Amino acid sequence: MFSRGPLSCAKDDMIQCLRWTVFLWVVNSIPFTSGMTVNERIDHTCPPMKLEEKWHTNVNIHREFTGFDLAQKFLLRKGTVTDNRLLLRLGSKPLFKPTESVFPDGLSHEYSIIATFRLRKTTKKNRWFVLQIFDKGGDTQVSLIVDGAKKTVEFLAQGFLKNSLLYVFKNRDLHALFDRQFHKLGVSVESNAVSVYLDCELIERQVTAERSGMNVSGRTFITTRVEDGRPVDIELQEILIFCDARIADLDRCCDSPGVTCEPVVTHNPTAASLVTGYLHRMLSMPVQLPSDRCHCPALKGDQGLPGLAGHSGQKGDKGDMGDSGKDRLAIAKGEKGLKGDPGPQGLPGLKGDKGEPGLPGAETLSVCILHHPPATLHVIS
């Protein structure tokens, strides 16, 4: 057998080192490529939700939602279809359940409330709870109120010191909620702020004080009138709680009439085999040295649009007046013009007509010399 040379050993060591580098890179890459998706689903307080495919388009993220479908929790039956919307039957009995049956492990500290409904003529001025959660002592822990008389939305939470934190949203853009048309009301509850959305448009955001955690030993109500606790007479399509405060903000209302959204482009988590294959192709690609100059031929672009008109120039100084202008100005002012040169002699005129008889001449002085009597002179005028 031939002994291996130093160059062969160095080559083998390099290959072995490269293999270990690839192996360690793949092992460390898998948690980063797929671990975040897995970790997003791990939430002991919020179970996964089975929602229609439209929600993946609405929110523009393709992952499993966690939270609570309150229509399923309260066993609301499906009713009629109105305006291509499947409505839920609220019945006539108060809609409440023990909180531990609705939220077995509690509610996450940050969440989104989404409710799609239409008010009726007889109830558009009612004051009612979309959601209300009591503790064991009867104090409100969380409530979302729609007030038709004041055209406001109210969010109430329990503070860290068991005090009530009330936030009233009375922006004029909320008035559309009471026009007896279908609307989607969204509320984003963050650790230090509450935001209200109407038809996926942000209406108002308010900073909040520190809130306490939720106690599951009380009761939870939905869609009940404040005055008597009975179900409010509305046309309800959905009422959901997502364990993510971003959902109300990310929702695009793609299922609303007249709204179109671009399809969502998603990428599945990269598997280890795909990572290895991609790395193999990447290593096999020839290395391109950097170039100081670009050898791509420049392409002539399309002709641009006409430019905007320039600004008007400044007014120029008054020019000097010419000779002819001076003469015209003198004539206009009535001034005497300059004496012209004598003109040429004219042609003899034509023989005129016989003139009219002239006027009588002046009377002459007559002198008569009378002989009788002599030396007497009479003047006859």
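Which residues of β11 are buried on one side of the strand, and which on the other? In this predicted model, Ala193, Ser195 and Tyr197 lie on one side of β11 and Val194, Val196 and Leu198 on the other, and all of them are buried, with both faces of the strand covered. Because 6 of the 6 residues of β11 (residues 193-198) are buried, the strand is largely enclosed by the rest of the structure.

The strands that pair with β11 come next. Strand β10 (residues 183-189) pairs with β11 in the antiparallel sense over 5 bridges, and in this pairing Val187 stands opposite Val196; the two strands form a hairpin with 3 residues between them. Strand β12 (residues 201-207) also runs antiparallel to β11 and is joined to it by 6 bridges, with Ala193 standing opposite Val207. The hairpin of β11 and β12 has 2 residues between the strands, and there Asp199 takes a positive phi near 55°.

Elsewhere, 6 strands form an open antiparallel sheet in the order β4-β13-β6-β7-β8-β9. At its edges stand β4 (96-98) and β9 (164-169), each with a single partner strand, so one side of each is left without a neighbour in the sheet. Within this sheet, β6 (residues 127-134) and β13 (residues 219-225) pair over 5 bridges, and Leu131 has Ile222 of β13 as its bridge partner.

Finally, the largest pocket holds about 490 Å³ of space. It is lined by 22 residues, of which Glu52, Asp69, Leu86, Gln237 and Glu238 are the closest to its centre, and the lining divides into 10 nonpolar, 3 polar and 9 charged residues. The elements α2 (54-59), α3 (70-73), β3 (85-89) and β14 (234-242) each supply at least two residues of this lining.

Note on methods: Residues numbered from 1 in each chain as written. Predicted model: local features only at pLDDT ≥ 70, side-chain atom pairs only at ≥ 80, totals over all residues. Heavy atoms only, no water. Pairing = 2+ DSSP bridges. Helix = DSSP H or I, 4+ residues; strand = E, 2+ residues; numbered from the N terminus. 1 Å grid on protein atoms, 1.4 Å probe; cavity = no way out; pocket = protein on both sides within 12 Å on 5 of 7 lines; lining within 4 Å. Points joined across faces, edges and corners; volume = space filled by probe spheres on them. Nonpolar A, V, L, I, M, F, W, Y, C, P; charged D, E, K, R; others polar. Buried < 20%, exposed > 50% of the residue type's maximum accessible area, 1.4 Å probe, protein only.
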